Amino acid sequence: RWGGGTPDARTGSGGGGGAGWSLGRIFPWASAWQRRAPAGVDGRGPAGFDGVEVAPRTAAVAPAPARWAGTDEDPGVFLTWEDVCVMVAGAAYGAQPVSILSGITGHAGPGEVLAIMGPSGCGKTTLLDTLAGRLGPGITETGSILINGRREKLAFGTSAYVTQDSVLMSTMSVREAIYYSAQLQLPGTMPAAEKRAHADAVIREMGLGDAMDTRIGGRMTKGISGGQRKRVTICVEMLTRPRLLFLDEPTSGLDSAASYHVMSHIARVAAREGMTVVAAVHQPCGDVFDLFHRLCLLAYGRTIFFGPASGATQFFTESGFPCPPLRNPSDHFLRTINKDFDEEIVESSKARRKTAAEAIEILTDAYQSPAYSEKTMDRIAEMKGIGGAPFRKREQASFSTKLFVLTRRSFVNMHRDIGYYWMRLGVYLGIGICLGTIFYQVGHSYSSIQARCEVIMYTTALLTFMAIGGFPSFVEDVKVFRRERLSGHYGVAEFVISNTLSATPYLAVIAVIPGAMLYYLTGLTKGPDRFAYFVVNLCMCTLLVESMMMIIAVIVPDFLMGIIVGAGVQGVMMLNGGFFRLPNELPKPVWKYPCYYISFHKYAVQGFYKNEFIGQTFPSDQLVEKNVTISGLRVLQEKLQVEMGYSKWVNIAILCGMMVLYRVMFFAIVKIAEEVRPKLRGMRCKLCK
């Protein structure tokens with residue numbers, strides 16, 4: 001038997017419940033796509049039918065994941081939206097806003113899978129982002145979006161969003177990615193063994209059992225396929241069994257069989273646990289389309305059809321666009337309303353045939369008739385009156401648990417990513433050998449004063465400048481952080497602290513090994529205390545530069561532009577750090593006040609100078625005065641113009657304070673963006689009204 005759905009999609013072996021052969025049994029879409037809606041959702045359908053026909057009892061089915069206290073008490077989600085309009089600012093200054101969505105109305109209820117379909121660029125993802133409250137800056141939204149009849153911000157664990165792009169840590173295996181996410185999302189009171197069992201069950205539900213120990217892979221290494229990455233992302237978001245699940249292109253990159261099994265599992269979970277699912281789907285196969293309870297069909301920002309998925313074919317037929325036999329209805333719908341190729345249709349068609357633009361006008365007018373649009377409005381009015389208790393934030397792991405898990409995950413990621421620190425360590429070793437051999441044993445002559453200053457300058461400039469080498473890897477971490485932060489897995493403070501704790505050991509290794517080679521090859525002032533200061537100062541500089549690059553990463557998320565901006569900022573700081581131009585010779589406007597005092601090179605170089613010259617004596621220039629020695633203190637005050645009013649350890653403290661300040665600035669930028677963005681959107685919405 002072929003067609004008519006895979007065996008686990010139909011009850012029994014007959015596929016249709018009737019005897020004899022028929023075309024509809026082979027191609028279910030050839031017989032008006034009759035389906036049954038779940039009882040209790042819209043008042044139709046036999047009692048006990050949950051909207052998805054499950055496998056026979058004899059089939060091997062993965063056990064349902066464990067549930068924890070509090071999930072059963074959450075109310076179901078009745079999501080409604082009326083007259084939703086979305087506009088984006090024009091590309092040119094003063095240009096009129098561009099409309100993306102216009103007057104979209106619809107609803108979704110517990111146990112339902114609502115599919116948002118339409119041609120590319122019709123506004124599917126924009127509608128999904130609008131319903132989920134994830135619109136970006138510069139986008140204006142109007143209309144009414146209600147949850148259980150009221151405006152409500154969903155608490156953690158009650159909603160989840162699976163993005164179109166699978167943003168995951170490439171160095172983690174599938175098992176590790178899900179395990180770490182489970183430890184972050186699931187309650188701290190849940191035993192670790194139960195969390196692992198729950199994660200394993202979710203992994204197997206998505207058909208990833210054979211890939212559990214395979215690394216996800218990314219730009220450096222090959223890993224799992226794109227379809228498997230999509231399923232891992234779905235696993236991460238379904239760990240908490242949210243009441244409202246948004247899916248953006250969940251079948252992208254999947255073959256028809258994988259698409260069907262993934263969507264059938266999601267439909268079963270939705271029916272079993274009363275989950276409301278809203279999915280933006282590009283072009284599903286026949287079996288996947290048969291799983292949808294409702295269909296929202298868009299065309300260039302306008303509603304073509306909203307209602308039961310089984311009624312879409314009849315709607316098109318009544319409007320004069322019948323679905324040909326043996327054709328997938330979703331293919332027919334999109335072919336009818338995609339006007340990107342209207343010119344080709346007009347040129348190639350021998351008979352007069354309606355263009356997609358004409359079809360869109362006809363279908364839009366047909367949907368506005370009372371037979372369709374009023375049913376939608378009546379159901380919305382019914383859902384708004386349901387009410388229910390407000391959502392409560394589900395229990396999460398404690399702050400200390402999140403901090404420990406994030407630190408451990410980040411440490412493992414940095415260890416496995418060769419581009420994060422190991423390649424930089426190799427470059428540092430190379431630079432250390434080059435500097436050490438070029439300035440080999442500078443000695444204690446008068447000319448060694450200049451040589452020591454040059455070694456310190458190159459150490460401060462080159463070794464800290466190379467800290468931007470890990471920026472691409474850090475940008476990937478920030479992308480993961482943004483996704484997990486939007487989903488409420490953890491806060492900004494946990495990310496900042498865990499990143500600092502996990503990076504410090506690697507930076508210490510980078511500072512100690514190349515620093516020791518450089519220090520003893522060049523013959524700088526000997527002594528364990530002086531070497532310890534040299535290493536601490538170098539380590540603090542690299543930490544500070546990484547903190548500065550964190551700010552750049554959150555402002556300029558593109559890694560190529562970020563490297564350019566970071567290099568430019570460091571270049572400006574080097575110029576007024578007090579080496580290329582002595583402090584008293586710097587132009588006072590801008591370059592000395594304030595640039596000289598906010599450049600970390602000033603404090604790093606002066607700390608190195610104090611560590612190197614205090615307590616030393618050097619012979620004077622024999623051409624100027626013979627048999628005279630110069631103290632290191634005199635070199636610092638007269639030749640290098642170093643501020644001697646405080647200890648070299650104060651320079652370390654200032655660098656440490658700047659590092660903390662940069663990380664606090666990163667924290668503040670993220671928090672302000674989270675708080676200001678909704679307010680700005682609300683102000684724009686009021687202005688539009």
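The model is a predicted one, and it contains zero disulfides. A disulfide would require two cysteine sulfur atoms within 2.5 Å. For cysteine 296 the nearest cysteine sulfur belongs to cysteine 122 and is 8.7 Å away, so cysteine 296 is in no disulfide. Cysteine 85 has a relative accessibility of 23% and counts as partly exposed, because the buried class ends under 20% and the exposed class begins over 50%.

Serine 330 is the next residue to look at. Serine 330 sits in helix 9, which covers residues 329–337. With a relative accessible area of 0%, serine 330 is buried. Its side chain makes a polar contact of 3.1 Å with the side chain of asparagine 328. Which residues touch serine 330 once its neighbours within four places in sequence are left aside? They are Met117, Gln283, Pro284 and Phe289.

Is glutamine 396 buried or exposed? Its relative accessible area is 12%, so glutamine 396 is buried, given that the cut-off for buried is under 20%. A polar atom of the glutamine 396 side chain lies 3.2 Å from the backbone oxygen of histidine 489. Glutamine 396 can also be placed relative to alanine 182: the two residues are 214 residues apart in sequence, and their C-alpha atoms are 10.0 Å apart in space.

Notes: Residues numbered from 1 in each chain as written. Predicted model: local features only at pLDDT ≥ 70, side-chain atom pairs only at ≥ 80, totals over all residues. Heavy atoms only, no water. Buried < 20%, exposed > 50% of the residue type's maximum accessible area, 1.4 Å probe, protein only. Helix = DSSP H or I, 4+ residues; strand = E, 2+ residues; numbered from the N terminus. Polar contact = N/O pair within 3.5 Å; in protein donor to acceptor, adjacent residues only side chain to side chain. Contact = heavy atoms within 4.5 Å.
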